[in-house]
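I set down what I looked up, in the order in which I looked.

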Amino acid sequence: MTLFLRLLFRNRLAGFGAVVLGAIVVLAVLTPVLPLHPPNATDTANRFLRPLSEGHWLGTDHLGRDLLSRLLWGTRLSLAVGFAAAVIAAVLGAAIGIVAGYAGGRTDNVTMRGVDMLMAFPYILLALAIVAVLGPGLMNALIAVAVVNIPFFARNIRGVTVSLAHREFVDAARLSGLGHIRILTTEVLPNVVPVIVIAMSTTIGWMILETAGLSFLGLGSQPPQADLGSMLGEARGALITAPHTSVVPGVMILLIVMSINLLGDGVRDALDPRLRSGALARPMPATLVDRPAPPPPTGDGLLRIEGLRTDFRMGKRTGRAVGGVDLALAPGECVGLIGESGSGKSVTALSVMGLVPSPPGVISGGAVRLRGEDLVGAPYARLRALRGNKVAYIFQDPLSTLHPLYTIGEQLAEAIRVHHPVSRADAHARAVQLLDDVRIPNAARRAGAFPHELSGGMRQRVGIAMALANDPDIIIADEPTTALDVTVQAQVLRLLDDLRRSRGLAIVFITHDFGVVAQLCDRVAVMYAGRIVEEGPTEAILAAPAHPYTARLIACVPELGGGRRRLEAIPGLPPAVDALPPGCAFAPRCDRARDACRAGEIALEGATRRVRCLFPVAPPEAAR
Ligand code: ADP
Ligand code: MG
């Protein structure tokens with residue numbers, strides 16, 4: 001609740017709406033105890049007094065009644081009627097929607113067609129018809145406005161319920177033997193309530209307007225009772241001669257509807273869990289950069305990551321996901337980036353092209369140089385020209401990166417046409433060629449397949465084809481084989497290796513599996529808690545790991561035919577990124593750690609093999 005309020009007030013406009021509406025509601029509630037003239041007391045001697053007259057702050061109307069008093073009593077009534085109508089419409093509409101959406105089939109069809117019929121009438125005509133049948137009066141106007149708005153709620157809630165009714169947790173509840181009523185009340189309803197609240201908060205203003213409209217036409221509140229609509233209606237005759245009589249209720253309606261709508265938008269945003277984590281801001285097109293000054297270049301090469309630091313700033317907490325990573329990539333080289341889950345591999349990879357979501361991500365130091373050009377803080381247009389064109393990504397789960405409604409051929413062609421002005425036919429031909437390159441059998445026909453028609457291994461091949469579409473120099477593959485079984489994994493790795501050799505691709509291969517690194521990578525960098533702890537040629541590191549962490553990671557890999565060796569898990573857990581220990585982050589889990597390890601910064605030392613450890617496992621000569 002406090003979180004909700006905090007989020008709500010972080011949105012300035014919503015806070016403003018809340019304050020204005022709050023003030024109006026307080027006034028309306030206090031109206032009976034305020035020292036006001038009686039709202040219906042006429043005084044024809046003092047007709048049309050101007051505002052700020054003696055005894056009448058807002059003046060008087062055509063019967064000499066005090067406008068301030070009528071305004072407050074009228075506001076009270078209009079708010080009450082609008083709110084009541086919204087509640088009635090929401091409850092009835094939601095009930096219809098939930099039942100229709102949950103029951104499905106004929107019940108759904110019959111009720112929703114009925115609702116559609118209601119919706120087919122222009123709403124004001126329908127409201128007029130209802131009032132005509134029931135007779136004029138505020139109560140009947142309320143009923144009319146509520147009825148007219150039921151279809152809106154019913155349709156919305158039905159849509160949400162339909163998508164919920166077959167979700168796994170509802171199926172699970174059904175399988176566990178719960179009855180329909182229990183499922184509706186405990187499983188479906190709690191998920192629908194936020195939608196109802198949101199729909200209500202955005203429509204109350206509308207309903208107040210509709211009620212005012214009916215009163216304006218003389219079909220709502222009856223004289224002498226004041227509500228905002230009838231006040232406007234009565235003032236119509238004197239619009240020119242005594243404009244204040246219409247301006248006063250008009251401004252009040254404006255204030256109420258505006259404040260409710262601003263507040264409603266704020267409520268919607270604050271209740272939306274997707275917007276919650278990043279507060280109310282949506283991710284920006286490129287990661288925010290907040291760094292002192294780029295470090296001087298330390299050499300050349302295709303890609304150099306130099307002292308890269310990426311933080312996640314969430315309120316007062318700062319998590320340093322990447323804490324000073326140096327990594328170089330030569331043309332045609334394959335570098336493995338390995339480490340436990342959460343060690344910062346993906347964030348490092350995403351930082352290269354400014355793809356870390358901001359907020360909360362911020363690149364707070366270092367540089368990423370592509371052929372000498374610093375990409376950190378490069379203009380968005382420049383990054384966009386490079387993304388997918390010079391540097392392409394392959395992600396773990398291709399199904400979540402492929403659009404479900406387009407064929408893979410169309411998606412490949414689109415990726416090509418983003419960066420190259422080629423005709424549709426040429427792009428398609430190239431797409432088929434790419435599918436062929438990644439060894440998809442019968443590529444021409446497969447190009448017409450949708451992502452769900454392919455197996456996991458096929459989809460990952462499509463992901464690779466997508467990355468190859470613009471002939472990039474660098475492919476960053478983030479655990480591309482983790483979701484695949486071992487035989488398919490072997491095929492995909494072979495494919496990547498072949499492509500690398502035939503096209504001269506440089507690859508950054510992220511994985512948590514030393515077996516994969518051994519097959520594919522020339523060099524490997526081991527990451528722990530956002531920093532590289534050891535780096536060097538794959539074979540040398542596999543043969544004689546220097547950092548205790550590397551040694552333990554290698555000991556975790558089972559070997560086929562390796563006998564009954566005991567696999568050693570690493571005790572303990574990686575540290576939280578917002579509470580990194582001083583000194584070596586691995587020290588708490590390390591059996592070789594001594595006091596010196598916990599004291600201060602430990603450098604990554606060495607030439608071809610570098611290690612960040614005071615007491616390496618392998619003898620220092622081998623390690624350096
Ligand atoms: P991995 O090595 O498994 O790829 P990541 O690079 O994804 O790990 O994550 C590194 C750290 O950054 C983790 O501690 C994770 O909790 C944190 N992190 C990643 N993405 C976000 C985010 N969007 N917001 C906050 N923290 C994040
Ligand atoms: Mg990852």
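**Entry 1: the ligand**

I began with ligand 1 and found that a backbone N or O atom of Ser343 lies 3.1 Å from one of its oxygen atoms. I note here that the model is predicted. I then looked up Lys345, where a backbone N or O atom is 2.9 Å from an oxygen atom of ligand 1. For Val347 I recorded a polar backbone atom at 2.9 Å from an oxygen atom of the ligand. I next looked up the area: ligand 1 taken alone exposes 560 Å², and the protein buries 67% of that.

Which residues come nearest to ligand 1? I listed Gly342, Gly344, Lys345, Ser346 and Val347, out of the 14 residues around the ligand. I sorted the shell by class and wrote down seven nonpolar, five polar and two charged residues.

I also asked which elements supply the shell around ligand 1. Strand S2, residues 303-314, and helix H12, residues 345-352, each supply at least two residues. H12 gives the most, with three residues.

**Entry 2: helix H3 against helix H4**

I reminded myself that two packed helices are described by the angle between their axes and the distance between the axes. For helix H3 (residues 67-103) and helix H4 (residues 105-120), I recorded an angle of about 145° and axes 7 Å apart. I noted the crossing of H3 and H4 as left-handed.

I then looked up who makes the contact. From H3 I listed Ile96, Ala100, Gly101 and Ala103. From H4 I listed Gly105, Thr107, Asp108, Thr111, Met112 and Val115. By class, this contact has five nonpolar, four polar and one charged residues.

**Entry 3: helix H3 against helix H8**

I turned to H3 and H8, whose axes come within 7 Å and cross at roughly 145°. Is the crossing of H3 and H8 left-handed or right-handed? I recorded it as right-handed. The residues of this contact divide into 21 nonpolar, four polar and no charged.

**Entry 4: two details of the backbone**

I looked up the peptide bond that joins Pro223 and Pro224 and found it to be cis, with omega at about 0°. Pro224 has its place in the loop between helix H8, residues 180-216, and helix H9, residues 228-235.

Where does Phe48 lie? I placed Phe48 in the loop between helix H2, residues 12-30, and H3. I noted its phi near 50°, a positive value in a residue other than glycine.

Technical notes:
Residues numbered from 1 in each chain as written. Chains lettered and ligands numbered in written order. Predicted model: local features only at pLDDT ≥ 70, side-chain atom pairs only at ≥ 80, totals over all residues. Heavy atoms only, no water. Near = heavy atom within 4 Å. Polar contact = N/O pair within 3.5 Å; in protein donor to acceptor, adjacent residues only side chain to side chain. Areas by Shrake-Rupley, 256 points an atom, 1.4 Å probe, with all protein chains shown as cover. Helix = DSSP H or I, 4+ residues; strand = E, 2+ residues; numbered from the N terminus. Nonpolar A, V, L, I, M, F, W, Y, C, P; charged D, E, K, R; others polar. Axes fitted to C-alpha atoms, helices over the stretch in contact; angles between N-to-C directions. Left-handed = near helix turned anticlockwise from the far one by under 90°. Contact = heavy atoms within 4.5 Å.
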